[in-house]
Amino acid sequence: MTESTTIRWEQDDTGVVTLVLDDPNQSANTMNQAFKDSIAAIADRAEAAVQADKDAIRGFIYTSAKKTFFAGGDLKEMIQVGPENARQAFETGTGIKNSLRRIETLGKPVVAAINGAALGGGYEIALASHHRVALDAPGSKIGLPEVTLGLLPAGGGVTRTVRLMGIADALLKVLLQGTQYSPKRALENGLVHEVVATKEEMLAKARAFIDAHPESQQPWDVPGYRIPGGTPANPKFAANLPAFPANLKKQLAGAPYPAPRNILAAAVEGSQVDFETALTIEARYFTELVTGQVSKNMIQAFFFDLQAVNSGANRPKGVEPKTVRKVAVLGAGMMGAGIAYSCARAGIEVVLKDVSAEAAQKGKAYSEKLCAKAVSRGRTTQEKADALLALITPTADPGDVAGCDAVIEAVFEDPALKHKVFQEIQDVVEPDALLCSNTSTLPITALAEGVSRPVDFIGLHFFSPVDKMPLVEIIKGERTGEEALARAFDLVRQINKTPIVVNDSRGFFTSRVIGHFINEGVAMVGEGVEPASVEQAAAQAGYPAKVLSLMDELTLTLPRKIRNESKRAIEEAGGTWAGHPAEAVIDRMVDEFGRTGRSGGAGFYEYGEDGKRARLWPGLREHFGKPGHEIPFRDMQERMLFSEALDTVRLLEEGVLTSVADANIGSIFGIGFPGWTGGVLQYINGYEGGLPGFVARARELAERYGERFTPPALLVEKADKGEKFSDG
Ligand code: NAI
């Protein structure tokens, strides 16, 4: 018999066994091999004890000795599972599942005392319990987020949620979005039975359940149990069923995410068979996902890369962490207003300065609007909202920035104006205040020349809308000091955003790379491809925004301005501007047809009186269309994806990017590179045939569509050496 090393059996003299989840080798419990062995040993012991003396044990309580209840699957293990060891992966799932099932069906009450986060496998342990009491611990989350890693919950998560709440609720509330609920919201949505304020209360409630239900069993193990809301076997239910696949298809817009499809299939098929068969179906659909490339990409990006980026792999070592107390936000326009809100939400005092008191107050009004919305939706209390708003002081007086230990500038994109506003305040703020600019295109090194302390000057590139977008691109100028970089990193973490770090260059990483995506879409229109197909190709590749509609949002004059500035800079340095076929299309749109984008009321799309997008402009077909001209759909998608990936490699070559994780995370969270790829460099790693496959395909695209697809030397070299892009 194997021994339990990660679960302690603590039996009191009343016959209640507390199963303490406590992996001695990790800070959080996961479903690793040790857990698999331990839970099997616990099931053996429990069965033996009950067999020897039916009354020796009165019930079981799962709880954890860690800060979190249980962290979920062992992702290090999962990312390595290949087709060759799929069977073993399949059995690993079944092993844990069998053990949980054996304990669940002993005829004794089983309670989960959820003392902290219970996500994925953790919540599946709770689901295998007859009663779930959750501690309302700060930041604690409950749910099955497997779908966000391209997987499904295969520890009985699909089978049990379907039986607990019915197919529709299980899919919509738990499985398909992977929603992570606070304990209170988990209670409202039926994921747990009780929420308590203290650990003592939690354990008391667990015992009370055991006392009151000496012969407890799961509802679905009671003969005659029916799944709430019915199953497809019921004609009434079956009539609604077709809507599910159709809605799912619409939601995914054809993008290649296999997990939602498998979850739907496992839920529907599993609902029509007995519990044990349902577990097997769930496991089969899981195996298909865990051995596929998409889950590997998503685990790499959304777990490993994100963790590396947020934990400061790129933060200079040896600089003491510092907390910002009071920040001056210069410019209360769209970006400044959002930055002020994000800072205040993190408890930082904000002086929001604009040219007039009215303009500054208008910026603060944005926070007032967001707070009112949060209160009305029950996401915060009026008291907390008032406290947040009290932190923001709108002003037109530069004198009010006294005492600020950081400055974030967000005035118009004009270097002279940016210099002027820094000069106004640099002697008023704290003498060592961190000086940041939110410029989206201007080189940081040149901007730094206009401030008295270039060593403390850095780029902090936020994304719009600031309150929703999780990424901040930190740009290090040539003279930026290591301390400023560390402090900028700390500030971004302090406001709960994800920082990537790049070296200065025109357009940095994100603005430069997203330009390629847009250029490719626009170029295809110029070649005569049907515009609606271009939009569809972007959606089916998994981009959150269609390419021509995105161009309209950004306005067509912006790439022209950037192009002219870049061209001038390159030519002044003795170089030649490479040009792009999209340029001629943009020029005609603006100069010949006067269509500058959404803000101008007309662009690639037509807009209604209310400013809403109405339809693609029919003139596109008339002026650019070549009836019958088609290019393969796959080429259309890959031209967009490859153009971004190839330029990211060039940015690595140029030393603008220094980390693979930063590139992956920045591309997904900043500029909408499709999540299923795992980010812009993981896309290359995971491409069919690996790097050599990617290189061959890039050469094919270069031959068909232009030299810009020629693979850069670094990529070819890595492909030849059999390497992948990685930071390790
Ligand atoms: P905006 O036009 O909405 O706001 C600019 C604000 O600066 C206005 O309220 C203006 O009154 C104020 N301002 C002008 N002179 C000032 C002075 N002397 N002192 C104080 N305030 C002054 O512009 P937006 O979109 O907020 O952009 C601001 C900066 O952020 C620009 O550098 C832009 O490139 C950058 N950025 C913009 C993004 C976007 O999506 N709009 C994304 C990332 C960065």
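This is a predicted model: local features need pLDDT of at least 70, side-chain atom pairs count only at pLDDT 80 or more; totals for chains, interfaces and linings use all residues.

Me: Which residues of α27 are buried?
Reply: The buried ones in α27 are V660, A661, D662, A663, N664, I665, G666, S667, I668, F669, G670 and I671.

Me: And what do the buried residues of α27 pack against?
Reply: They pack against the helices α13 (293–310), α20 (510–527), α26 (633–653) and α28 (680–686). Two strands are on the list as well, β17 (471–476) and β18 (498–503).

Me: How far does α27 reach from its first C-alpha to its last?
Reply: It reaches 16 Å over 12 residues (660–671), close to the 16 Å expected at 1.5 Å a residue. Just after α27, G672 takes a positive phi of about 70°.

Me: You mentioned β17. Why is β17 called largely enclosed?
Reply: Six of the six residues of β17 are buried, so the rest of the structure largely encloses the strand. Both faces are covered: L471, E473 and I475 are buried on one side, and V472, I474 and K476 on the other.

Me: Which way does β17 run against β16, parallel or antiparallel?
Reply: β16 and β17 run antiparallel, joined by four bridges. F462 stands opposite V472 in that pairing.

Me: What about β17 and β18, parallel or antiparallel?
Reply: Parallel there, with six bridges between β17 and β18. I475, for example, has V502 in β18 as its bridge partner.

Me: OK, so what's the strand order in the eight-strand sheet?
Reply: The order is β13-β12-β11-β14-β15-β16-β17-β18, in an open sheet with mixed pairing. Its edge strands are β13 (392–395) and β18, each pairing on one side only. From one strand to the next, the twist averages 25°.

Me: Which helix packs on that sheet, touching β12 and β13?
Reply: That's α15 (residues 357–376), and its direction makes about 155° with that of β13.

Me: How many bridges join β11 to β12?
Reply: Five, between β11 (residues 326–330) and β12, and the two run parallel. V327 has V350 as its bridge partner in β12. As for β12 (residues 349–353), four of its five residues are buried.

Me: And over how many bridges does β11 pair with β14?
Reply: Four, again in the parallel sense, with β14 covering residues 406–409. The bridge partner of V329 in β14 is I408.

Me: Switching topic: which residues are closest to the ligand?
Reply: G331, G333, M335, S440 and S464 are the closest, out of 24 residues that surround the ligand. The elements giving two or more residues to that shell are α14 (334–345), α17 (415–425) and β16 (457–462). The largest share comes from α14, with three residues.

Me: What does UniProt list for residues 326–504?
Reply: An unreviewed UniProt entry lists "domain: 3-hydroxyacyl-CoA dehydrogenase NAD binding" there. Over residues 326–504 the chain is 39% helix and 22% strand, and the end C-alpha atoms are 27 Å apart.

Me: And what does UniProt place at residues 507–607?
Reply: The unreviewed entry gives "domain: 3-hydroxyacyl-CoA dehydrogenase C-terminal" for that stretch. In the model, residues 507–607 are 63% helix and 3% strand, with the end C-alpha atoms 29 Å apart.

Me: I've also got my eye on F489. Is it buried or exposed?
Reply: F489 is buried: 23 other C-beta atoms lie within 10 Å, and the cut-off for buried is 20 or more. F489 sits in helix α19 (residues 482–494).

Me: What does F489 touch, leaving out residues up to four places away in sequence?
Reply: G312, R315, I474 and P499. The C-alpha atoms of F489 and N310 are separated by 9.2 Å, and those two are 179 residues apart along the chain.

Conventions. Residues are numbered from 1 along each chain as its sequence is written. The expected span of a helix is 1.5 Å times one less than its number of residues. A residue is buried if 20 or more other C-beta atoms lie within 10 Å of its own, exposed if 12 or fewer, and partly exposed in between; C-beta atoms are placed from the backbone. Two residues are in contact if their C-beta atoms, placed from the backbone, lie within 7 Å. UniProt positions are given in the numbering used here, feature names are shortened, and annotations may be inferred rather than shown by experiment. A residue is near a molecule or strand if its C-beta atom, placed from the backbone, lies within 6 Å of it. Two strands pair if DSSP finds at least two bridges between them. Axes are lines fitted to C-alpha atoms, for helices over the stretch in contact, and angles run from 0 to 180 degrees between N-to-C directions.
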